[in-house]
Amino acid sequence: MHQKFHPVHGFLIETKTMKKAIQLLFLVTVTAWAVTATPQPPYIQQVVEIHRLRPQTGSAGHRVPQIDCLSWRLGVETNNIRGWKLVPSDCENYVGHYMLGKQYRDDCEVVADAAIDYANSLTLSGDGKDIWVFDIDETTLSNLPYYARSDVAFGAVPYNDTKFNAWVSEGKAPAIPASLRLYNTVLSLGIKPVFLTGTKEAFREVRIANLQEAGYYNWEKLILKGVNDTGSAVEYKSGKRTELVNAGYKIVGNIGDQWSDLLGADAGDRTFKLPDPMYYIG
C-alpha cells in the first residue's frame, strides 16, 4: 500500500484516503453551487432575503454593531419597548431600508388581508351604525416622503413640530395602498369609515383635500384634535371612541399604526396594528 508523508502535520496519510477526501470536497462544492444557482421556491427566497437584511447592516452597508435593530423593531411593534423618543442612531439605516423596501409593504398587506377577512365575516346590524375607525398618519396616509428627508432621518432626529406641520400643510401625503384596499372593502360592505386622528383641527381643510386626493372620498366622520382635547393620545382617542359609542355607533373594527390608537376604552370589536418603527405616540 502506498503511503504519503504530509510535510506540515508530520504524519502519514494513505493515498486512497486522500483521494476520497478530495472527491467528497468536490461533491460538496458542486452541490452548494447547484443549490445557489437553481431557482428556489418563494419561501426559500424569503429566508435568503431575511439573511441579507441582517440587523447589523444598514441600507448603505454601514456596520451597526451596537444594537440588534431587528430585535429592537420587534420590541417596538409588540409594545414591549415603550416611551422611546428617537430611533436609535445605529438603526437609522436599518429603519430606512425597512420602510422604503418591500418588507414594509408586504407587512402592511398582511395586516390588510387579515382585516378584510374579518370584515367579510361580519354580520352587520343593518341600522347604518356599524363603523370602522381609521387613524390617518402612517395608517391611511404615509408621511414617508417627509421622514425620508435627511433632516428627519426616519425618526433618528428629534421631532420638529414646525417642520412636520409644514409638511402636513402641503397636503401631499400618499395613500398606503393596503389601507386604501381595506377602506374600499369596508365601504363596499356597508360599514362606515370614521377617521380619528391626532392632527390638529386647524388642518381640517388640508386633511380633507389630502384624503380625497389619495382616494378616500367618503366617511361618516372626520375627528381631529381640538384646542380643548387634552391628555395622552390614549385618553384622547378613547374619549372620542366613547363619544361615538354613546351616539349609538358600533365600532366593528379599528386600525392604526400606534398602540395608542388601539388601547383604552371602546377600542372596537377587533383591532389591527400596522407597522411603524419611526416614532412612538403614547
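The report below treats the disulfide, the salt bridges, the cavity and the pocket in turn.

## Basis of the report

The structure is a predicted model. Local features are described where pLDDT is at least 70, while side-chain atom pairs count only at pLDDT 80 or more.

## Disulfide and cysteines

The count comes to one disulfide. The bond joins Cys-69 to Cys-91, with an S to S distance of 2.1 Å. The angle about the S-S bond is -90°, and the link of Cys-69 and Cys-91 is left-handed. Cys-69 belongs to helix 3 (residues 69-77), whereas Cys-91 sits in the loop between helix 3 and helix 4 (92-100), so the pair ties together parts that lie 22 residues apart in sequence.

Cys-69 and Cys-91 are both buried. Cys-108 is a further cysteine to note: its relative accessibility is 2%, and because buried means under 20%, Cys-108 counts as buried.

## Salt bridges

Side chains of opposite charge can pair when their charged atoms come close. In this model the count comes to 14 salt bridges. One of them is formed by Arg-181 and Asp-113, whose closest N and O atoms are 2.8 Å apart. This pair links distant parts of the chain, with Arg-181 in helix 8 (residues 177-189) and Asp-113 in helix 5 (residues 102-121), 68 residues apart. Both partners fall in the intermediate class of accessibility: Arg-181 is partly exposed, with a relative accessible area of 31%, and Asp-113 is partly exposed at 36%. Salt bridges that share partners join Arg-181, Asp-113 and Glu-109 into one network.

Asp-135 and Lys-237 meet through their side chains in another salt bridge, at 2.9 Å from N to O. Asp-135 lies in the loop between strand 3 (130-134) and helix 6 (144-147), and Lys-237 lies in helix 10 (residues 233-246), so this pair ties together parts that are 102 residues apart in sequence. Asp-135 and Lys-237 are both buried. A further salt bridge connects Arg-149 with Asp-151, the closest N and O atoms being 3.0 Å apart. Arg-149 is partly exposed, with a relative accessible area of 30%, and Asp-151 is likewise partly exposed at 30%.

## Enclosed cavity

Rolling a probe the size of a water molecule over the atoms shows where empty space is left. A search of the whole structure finds one cavity of 30 Å³ or more. The largest cavity has a volume of about 80 Å³. It is lined by 13 residues, of which Val-76, Gln-258, Trp-259, Lys-273 and Tyr-280 are the closest to its centre. By class, the lining of the largest cavity comprises seven nonpolar, two polar and four charged residues.

## Largest pocket

The largest pocket has a volume of about 860 Å³. Its lining consists of 39 residues, and those closest to the pocket centre are Tyr-147, Tyr-159, Phe-164, Tyr-279 and Ile-281. Helix 6, helix 7 (161-170), strand 4 (192-200) and helix 10 are the elements that give two or more residues to this lining.

Which helix gives the most to the lining of the largest pocket? Helix 7 does, with five residues. By class, the lining of the largest pocket divides into 17 nonpolar, eleven polar and eleven charged residues.

Notes:
Residues are numbered from 1 along each chain as its sequence is written. Side-chain values use heavy atoms; hydrogens and water are left out. A disulfide is a pair of cysteine sulfur atoms within 2.5 Å. Helices (H or I, at least four residues) and strands (E, at least two) are DSSP runs, numbered from the N terminus. Buried means under 20% relative accessible area, exposed over 50%, partly exposed in between (1.4 Å probe, protein chains only). A salt bridge is a side-chain nitrogen of Lys or Arg within 4 Å of a carboxyl oxygen of Asp or Glu. On a 1 Å grid over the protein atoms alone, a cavity is a set of points where a 1.4 Å probe fits but cannot get out, and a pocket is an open set with protein on both sides within 12 Å along at least five of seven lines; lining residues have an atom within 4 Å of a point. Grid points are joined across faces, edges and corners, and a volume is the space filled by probe spheres set on the points. Ala, Val, Leu, Ile, Met, Phe, Trp, Tyr, Cys and Pro count as nonpolar, Asp, Glu, Lys and Arg as charged, and the others, Gly among them, as polar.
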